[in-house]
Amino acid sequence: MRLNFDCNDNQYDFDLGFGDHGLDGAQAIADSPYLGNLRSLDLGGNALGRQGARLILESTCFPKLESLSIARDNYCRSDTVMRIAAAPFAPSLKSLAVDGSFASVEAIRSLVEAESLQGVVDLNLAHVSHDDDDAFWPADMPEPTRKELWADGLADVLASPRMQRMRRLDLSFLHLGNERLASIFSEASFPVLNELSLDSTGVAREALLAIAQNASLENVTQLNLAGNKVQLDTLFESGS
């Protein structure tokens, strides 16, 4: 694939979501001299592989990039996620989606705590799963135990003070469970959060009460609780 359009005088969005552009496409994008004003790049669902993702993340050709979606396929694992913080364009990012990736707790922590990514206020972690690479786990550790430890670590990251900058947060389909979610929203503060998606995360009575009683969520205008077994009368019990 060859890119031969000039966007030096305009702001362009570039969407390769759910294509089949592979390594050649990644190389073309990474080396393009015409993407200097690129603001949004969606690479979800492509057959880029780890090498293709690395080419994109090491490119210096789009220094103004504000929105990056680089998951929704199994090529995005912990090593790819951890490279994002070192990307030349990382300081300009405001929106970041790694939905559908397989990431260790430390990889996700890097997205929240890296100094280069403190401009990110829109974080999409939907459908993220633990990285089952044995490099992250004792070889004899059962899979259910790995999942539980990963969920505990993820809950700790989400309760970090660095999360206070988020304006939009998508945690849909993360297997956190009611108890962890209740702990997060009882302890953490989200003073500027506008949109929160908790679709199919295991929200039940305790988590819903924690959300309803968290004063820092007063700026939330959109709340997605679809796919959870909650009873609306719990909201009335909260006094909200």
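Glu148 is partly exposed in this model, with a relative accessible area of 45%. Here, buried means under 20% relative accessible area, exposed means over 50%, and partly exposed lies in between, as judged with a 1.4 Å probe on protein chains only. The model is predicted: local features need pLDDT of at least 70 and side-chain atom pairs count only at pLDDT 80 or more, whereas totals for chains, interfaces and linings use all residues. Residues are numbered from 1 along each chain as its sequence is written, and side-chain values use heavy atoms, with hydrogens and water left out.

**Overall architecture**

The protein chain contains eight helices and eight strands. Of the 240 residues, 50% count as buried. Contact is taken as heavy atoms within 4.5 Å. Among the contacts with a separation of 6 or more, 83% are between residues 24 or more positions apart. The accessible surface of the protein chain comes to about 11300 Å², and carbon and sulfur atoms account for 49% of this area. These areas come from the Shrake-Rupley method with a 1.4 Å probe, and for residues only the protein chains shown count as cover.

Side chains of opposite charge can pair when their charged atoms come close. A salt bridge is defined as a side-chain nitrogen of Lys or Arg within 4 Å of a carboxyl oxygen of Asp or Glu. The whole structure holds 14 salt bridges.

Glu148 forms one of them with Arg180, at an N to O distance of 2.6 Å. This pair links distant parts of the chain, since Glu148 belongs to helix H5 and Arg180 to helix H6 (residues 177-187), 32 residues apart. Arg180 also meets Asp152 in a salt bridge, with 2.7 Å from N to O. Because Asp152 lies in helix H5 and Arg180 in helix H6, this second pair ties together parts that are 28 residues apart in sequence. Arg180 itself counts as buried, at 16% relative accessibility.

**Other salt bridges**

Glu115 and Arg162 also form a salt bridge, their closest N and O atoms being 2.7 Å apart. Two loops are linked in this way: Glu115 is in the loop between helix H4 (105-113) and strand E5 (122-124), and Arg162 is in the loop between helix H5 (143-158) and strand E6 (168-170), 47 residues apart.

The relative accessible areas of selected residues are tabulated below.

| Residue | Relative accessible area | Class |
|---|---|---|
| Glu115 | 59% | exposed |
| Arg162 | 29% | partly exposed |
| Ala159 | 27% | partly exposed |
| Ser110 | 15% | buried |
| Asp152 | 41% | partly exposed |

The 16 residues of H5 should span 22 Å at 1.5 Å a residue, and the end C-alpha atoms are 23 Å apart, which agrees. The expected span is 1.5 Å times one less than the number of residues. The buried residues of H5 are Arg146, Trp150, Ala151, Gly153, Leu154, Ala155, Val157 and Leu158, and they pack against H4 and H6.

In H4, Ser110 is in contact with Val81, Met82, Ala85 and Leu117, leaving aside its neighbours within four places in sequence. Ala159 is placed in the loop between H5 and E6. The C-alpha atom of Ala159 is 9.8 Å from that of Leu181, 22 residues apart along the chain.

The buried residues in H6 include Asn178, Arg180, Leu181, Ala182, Ile184 and Phe185. The buried residues of H6 pack against H5, strand E7 (195-197) and helix H7 (205-212).

In soluble globular proteins, nonpolar side chains tend to be buried together. A nonpolar core is a set of buried Ala, Val, Leu, Ile, Met, Phe, Trp, Tyr and Cys residues joined through side-chain atoms within 4.5 Å. The largest such core has 67 residues, and Leu125 and Phe185 have the most contacts inside it. Helix H1 (22-31), strand E2 (38-42), helix H2 (49-57), H4, H5, H6 and H7 each supply at least two residues of this core. H5 provides the largest share, six residues. Beyond its neighbours within four places in sequence, Phe185 is in contact with Phe190, Leu196, Leu198, Ala210, Ile211, Asn214 and Leu217.

Note on methods. Helices (H or I, at least four residues) and strands (E, at least two) are DSSP runs, numbered from the N terminus.
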